[in-house]
Amino acid sequence: MPCPPRPGNSAAAAIIRACLALAVPWLAAAPATAGQTTQVTVGAGRFRVEIAETEAERERGLMYRAALPAGSGMLFVQPRALPVSFWMKNTHVALDILWFDAQGRLVKISARVPPCTADPCPLYPSGGPVAWVLEIAAGEAARQRIRIGDRLKVEAAKD
């Protein structure tokens with residue numbers, strides 16, 4: 001989940017997505033409504049993901065989940081491409097965190113990030129501006145042979 005939270009709302013994110021869709025055609029099918037799920041692909045990996053688009057959804061992230069099955073995850077839609085940091089507070093499962101720039105290109109993989117077991121929780125920075133962050137089960141990025149430079153493809157959102 002992101003830390004610290006960034007200002008934004010789903011209306012602002014929708015406007016940003018619409019503008020980016022003109023320059024990035026794969027983004028046209030991006031999710032438009034919070035609380036939905038969709039399919040995404042990254043390289044050879046395919047995942048059914050929940051969408052965290054609002055500030056509240058991004059703040060909660062995958063907190064309090066006892067498990068995260070392989071092939072599933074959460075896609076965090078940032079209100080604009082910015083450097084962000086995530087932490088694992090109240091997240092009970094290890095994750096791979098995949099960081100994507102505004103063009104949907106994978107720019108960083110934080111592999112096998114462990115749950116936070118004591119305060120203060122460590123921060124995991126993006127290392128540069130990102131527009132999308134994908135959290136998947138720990139080890140999935142390696143298992144699916146996902147590599148830096150792979151593209152994020154987002155299908156139309158499903159309820």
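The chain exposes about 7300 Å², with carbon and sulfur atoms supplying 58% of that area (Shrake-Rupley method, 1.4 Å probe; for residues, only the protein chains shown count as cover). Keep in mind that this is a predicted model, where local features need pLDDT of at least 70, side-chain atom pairs count only at pLDDT 80 or more, and totals for chains, interfaces and linings use all residues. Residues are numbered from 1 along each chain as its sequence is written, and side-chain values use heavy atoms, leaving out hydrogens and water.

Now for the fold. You'll find three helices and seven strands, taken as DSSP runs numbered from the N terminus (helices H or I, at least four residues; strands E, at least two). From the N terminus on, the order is α-β-β-α-β-β-β-β-α-β. Of the 159 residues, 47% are buried, meaning under 20% relative accessible area with a 1.4 Å probe, protein chains only (exposed is over 50%, partly exposed in between).

Next, look at the aromatics. Rings of Phe, Tyr and Trp (its six-membered ring) pair if their centres lie within 6.5 Å; planes under 30 degrees apart are stacked, over 60 edge-to-face, the rest tilted. That rule gives two aromatic pairs. F76 and F86 have ring centres 4.9 Å apart and planes at 75°, so they sit edge-to-face. Both of these residues, F76 and F86, are buried. F86 also pairs with W99: centres 5.3 Å apart, planes at 70°, so edge-to-face again. This second pair links distant parts of the chain, with F86 in strand β3 (residues 72–86) and W99 in strand β4 (residues 95–100), 13 residues apart. W99 counts as buried, at 0% relative accessibility. Together, F76, F86 and W99 form one aromatic cluster.
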